[in-house]
Amino acid sequence: MEFFRIKKDIPFMRHALVFNVISLITFLLAVFFLATRGLHLSVEFTGGTLIEVNYSQATDLGKIREGLGKAGYTDITVQNFGSSRDVMIRLPLKAEQNSAKIGEAVMGVLDAEAPGASLRRVEFVGPQVGRELAENGALALLLVIIGIVIYLAMRFEWRFSVSAIVANLHDVIIILGFFAFFQWEFSLSVLAAVLAVLGYSVNESVVVFDRVRETFRKVRGLTTPQILDHAITSTISRTVITHGSTQVMVLSMLIFGGETLYYFSLALTIGICFGIYSSVLVASPLVMWLGVSREHFVKPKKQIEGANEDGAVV
Amino acid sequence: MNRYPLWKYITVVVALLIGFIYTLPNFFGESPAVQVSSAKATLKVDTKTLDLAESTLKAAGVETSGLFLDANGVKVRLKDTDTQLKAKDLLEKAFNPDPADPHYVVALNLLSSSPKWLTDMGALPMYLGLDLRGGVHFMLQVDMKGALTKRLDAVSADLRSLLRDKSVRHGGVNREGERISIRFRDEETRGKARIVLEDNQPDLALVEQGDGSDLRLIATLKPTAILKLQESAIKQNMGTLHNRINELGVAEPVIAQQGADRIVVQLPGVQDTAKAKDILGRTATLEIRMVDDTPGSLEAALAGQVPFGTELYIERGGRPLLVKKQVMLTGDRLTDAQPGFDNQTQEPAVHLSLDSAGSRIFKDITRENVGKRMAILLIEKGKGEVVTAPVIRTEIGGGRVQISGSMSTVEANDTALLLRAGSLAAPMEIVEERTIGPSLGAENIKKGFDSTIWGFATIAVFMTAYYLLFGLISVTALAANLLFLVALLSMLQATLTLPGIAAIALTLGMAIDANVLINERIRDELRNGAPPQTAIHTGYDRAFDTILDSNITTLIAGIALLIFGSGPVRGFAVVHCLGILTSLFSAVVVSRALVNLVYGGRKVKSLSIGQVWKPGVDTAVPK
């Protein structure tokens, strides 16, 4: 079997401008949604209480809402997840309530209003912890970016590291844009997925850049766009197979992993799809715009004064 | 060409063997067990406890599959959960005849049921996180400001009595926020006070302020003293938590410090959060009372007639003791308790430090009661225990109290701990709580396991179909990677959580990248007309650089997660980072060893790597 029977290098770079415009539009849309809708942050970041209960039979959410409302809880969200028997209740942080006891209090109300609930999970996060988690998340992101830029600049060239990081940050913003648009819950595990994607799709750019560097060194007489086309074409088979394999794993988590892993694998799915796109079709044009050329990779041979053609000095 | 030296093969085989051995315990699973451990710091679990447990179970005809003693206590392994519950009840009755005053913790537990030789090698199953086994997780924040003001209040009282003792006239000692200000009428007394304070209070930093008739000395705690205070506050709170959690009967509680002022408490298997919170938040106090030594009254009390105003207690060591109900001094006045030795007799002793008000009270009590006995009691849940009841020999001033006599060093240590741990050094607040029901835990394991297996199976089928023998080798290398990863996690006893399982799945999905890179490179070489052996060689060689680069960038992200992540993210990051390292070894070394074993050192006409399509040769593709 051989999926990719490509005779000539595909002229990706001829359409570089188009790709960059598409990217820019998607990127701006993502920023727009992030700014207007914002992220639907989980209790881990905002602080508050999350209670997950399970009923043996399908239950009436209205009753639960009403009961909790009567008990004096405001701003609560009650929703089903997974099945009609699983109920998730979210309560915001309230200064006057004894937050540590909220779990029991809510269970007390449920027992009275809609009996038969068994407690599955309680998560309470204080306001300070939430803020710290958000800060640490931002710091982690920053550290990843700096680390990758430095490593790539050392291994390749600054032009490569800048384009790789721009391309991949564009992925991150787009993932966040999706989460903002659909108002999917952004939790700590989603953050982990986002950061994993960042590392993973840089890896994709690295593979392409490796080929670019190799082609620059080996083949003479090709223009920069031609070299980029060649590098992308010769790695495309690997790109698709690798990402396919990773996606299969992620898909399997999406299907079998249940609620906890759902948004995690969703973030990974978007990240993988845009990861392919951005590292091939965003990073490479960027390298081209930044003006990479053969001289950046081939060290000029030192001319020793008085040396003859063979380089021998007598 | 393409032959590995023998040592490389041996390395691979040994690595696989070690991986296999350490993965093995995970297949044996865990069997139900009952654990008996001490509920009191002063009570040690030893072979006697083991014998009692054994004879109790034997007498009741409960079959066990092994009893043994380890650092945590006596553990009894049982066949099934029914006998486990039965054994727990029996042991509970045997060890705690008085349920109101438990001396031992009898808890349900799970023990690795792998054969003994595996356990002896340190091969244990992975440690499951709370989201996989169910339980409660609390994060408590210690109120350091509270601890600081408490300490400053005590210091101001100390300063007042110190200045009075040294006859330095002052115009008032007041705590203002986080500093203490002392007023003086003239420069001379201020200078005198300064010398006195510098000599007696090395923890204070002093600054002179004000002029004219309003002269002040501002005292603040030195940064080192604050640091020490915070450290001891968090240690003491952890000690207290430990003692309290013992009562919950949790088999393997985790109590750990996180950051400068936080404590994480994890109680696997505990479902009753209300009780857990109640116990964590409870305060214990110390009380000093006098012993009623009136002749005849103790006998009367033992006969059932406790004289009015007294209570009957059993002293440690078993002697009955009649203690007056009137409380002379409470633990609020205790600032520290340290084990040590008596200066004269070199006997083990516990040194107590009282704050200034406490010292004054204590001085009065001892002066008025020379020759009598006083009792030091620890009051918890409204129930008291006599820690010690020494005879007062002389008046004791200065707030330094020494308890000694008929104590071993161990007992002195334990008593000091008990006294310190009796109360919280600073108030605590729950800032994070996570409760996971046991059914959810079991479901999470199944979900994580299913995702990994199905993903792996799909990849295996595809790789074998696409790359044939090389695909099979890649899949074998991937399986080896899984083996190494699980073995490493078991070896390190890292906590496996659901995000951790997700990381295993994701790592496998990413690890196949290395093998795809290698296989594609080999195909490339073949396409360019290289002979099979050269193709393998250059394929592996060329792919290695790329594999290294891409793994390092992924590792950078993993390490950042490890540093800044907490909770679920950390669980993910640990597995992710380890997975990248194991995948480097398995994808490059293990797969190469297999390839060399199959193809190395002989003449090969073609490689079983699937169809290698060459442009120009294949005419089937229409132009």
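This is a predicted model: local features need pLDDT of at least 70, side-chain atom pairs count only at pLDDT 80 or more; totals for chains, interfaces and linings use all residues.

User: Why are H5(A) and H7(A) called roughly parallel?

Analyst: The axes of helix H5 (residues 127-155) of chain A and helix H7 (residues 188-218) of chain A cross at roughly 5°. Angles under 35 degrees count as roughly parallel. H5(A) and H7(A) are therefore roughly parallel to each other. Their axes come within 11 Å.

User: Which residues make that contact?

Analyst: H5(A) gives Leu133(A), Gly137(A), Ala140(A), Leu141(A), Val144(A) and Ile148(A). H7(A) gives Leu188(A), Leu191(A), Leu195(A), Leu198(A), Gly199(A) and Val202(A).

User: How do the residues of this contact divide by class?

Analyst: Ten are nonpolar, two are polar and none is charged. Leu, Ala, Val and Ile count as nonpolar, while Gly counts as polar.

User: How do you know that E2(A) and E5(A) pair?

Analyst: Pairing needs at least two bridges. Strand E2 (residues 48-54) of chain A and strand E5 (residues 118-125) of chain A have seven bridges, so they pair. The sense is antiparallel. One of the bridges sets Gly48(A) against its partner Val125(A) in E5(A).

User: What links E5(A) to chain B?

Analyst: E5(A) pairs with strand E21 (residues 428-436) of chain B over five bridges, in the antiparallel sense. The criterion of at least two bridges applies here too. Phe124(A) stands opposite Glu433(B) in E21(B).

User: What is the strand order of the open sheet?

Analyst: The order is E3(A)-E4(A)-E2(A)-E5(A)-E21(B)-E6(B)-E12(B)-E11(B). That is eight strands, with antiparallel pairing.

User: What makes E3(A) and E11(B) edge strands?

Analyst: Strand E3 (77-81) of chain A and strand E11 (254-258) of chain B each pair on one side only. From one strand to the next, the twist averages 20°.

User: How many residues are in contact between the chains?

Analyst: 58 residues of chain A are in contact with 65 residues of chain B. The cut-off for a contact is C-beta atoms within 7 Å. On the chain A side, the elements giving two or more residues include helix H4 (102-113), helix H8 (224-256) and helix H9 (258-281). H7(A) has the largest share, 14 residues. By class, the chain A side has 32 nonpolar, 16 polar and ten charged residues.

User: Where do the domains of chain A lie?

Analyst: Domain 1 covers 12-40 + 129-295, and domain 2 covers 48-125. Their centres, taken over C-alpha atoms, are separated by 39 Å.

How values were computed:
Residues are numbered from 1 along each chain as its sequence is written. Chains are lettered from A and ligands numbered from 1 in the order in which they are written. Helices (H or I, at least four residues) and strands (E, at least two) are DSSP runs, numbered from the N terminus. Axes are lines fitted to C-alpha atoms, for helices over the stretch in contact, and angles run from 0 to 180 degrees between N-to-C directions. Angles under 35 degrees count as roughly parallel, over 145 as roughly antiparallel, 65 to 115 as roughly perpendicular and the rest as oblique. Two residues are in contact if their C-beta atoms, placed from the backbone, lie within 7 Å. Domain bounds come from an automatic or database domain assignment.
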